[in-house]
Amino acid sequence: MMPSLELVDPEDIAAVLDDIDPTIRQRGETYLRGSAVEAIEVLNPGEKFRVRVRGTALYHVEVLYDPSIGWDAECDCPYDAGPCKHCYAALKTILTRAG
């Protein structure tokens, strides 16, 4: 079992997840069930994380909390039409681990 994470403003991260396109959320849930999130590196406790997500390749997701805008996630995959399934899986895993 992975240790729990400290998380600033978990309500905002939940809102970000809710705003992600439903098709992308569904694909992200598939990644969660398949244990695609391989590792979470804490860069700044509660506010900044680097997450490894296994898809067709190994992708890196940067998750960052900025007090002026809230939570954001960026992935190095080629998808560029908003948050991707890797971002969803990373954000949801972080939120779940903050439980």
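Let's start with burial. Of the 99 residues in the protein chain, 35% are buried. Keep in mind that this is a predicted model.

Now the overall dimensions. The radius of gyration is 12 Å. A compact globule with 99 residues would have one near 13 Å, so the protein chain agrees with that expectation. The C-alpha atoms fill a box of roughly 30 × 30 × 20 Å along the principal axes.

Next, the elements. We have 3 helices and 4 strands. Reading from the N terminus, the order is α-α-β-β-β-β-α.

What about contacts along the chain? Take those with a separation of 6 or more: 52% of them join residues 24 or more positions apart.

On to the core. The largest nonpolar core holds 29 residues. Phe49, Val51, Val61, Val63 and Ile94 have the most contacts inside it. Every one of the seven elements takes part: H1 (10-19), H2 (22-33), S1 (37-44), S2 (48-54), S3 (58-66), S4 (70-75) and H3 (85-98) each supply at least two residues. Which element gives the most? That is H3, with 6 residues.

Look at Phe49 for a moment. Leave aside its neighbours within four places in sequence. Phe49 then touches, among others, Leu5, Leu7, Ile40, Val42, Leu43 and Trp71. Its contacts also include Val61, Val63 and Ile94.

Note on methods: Residues are numbered from 1 along each chain as its sequence is written. This is a predicted model: local features need pLDDT of at least 70, side-chain atom pairs count only at pLDDT 80 or more; totals for chains, interfaces and linings use all residues. Side-chain values use heavy atoms; hydrogens and water are left out. The radius of gyration is taken over C-alpha atoms; the globule rule is 2.2 Å times the number of residues to the power 0.38. Buried means under 20% relative accessible area, exposed over 50%, partly exposed in between (1.4 Å probe, protein chains only). Contact means heavy atoms within 4.5 Å. A nonpolar core is a set of buried Ala, Val, Leu, Ile, Met, Phe, Trp, Tyr and Cys residues joined through side-chain atoms within 4.5 Å.
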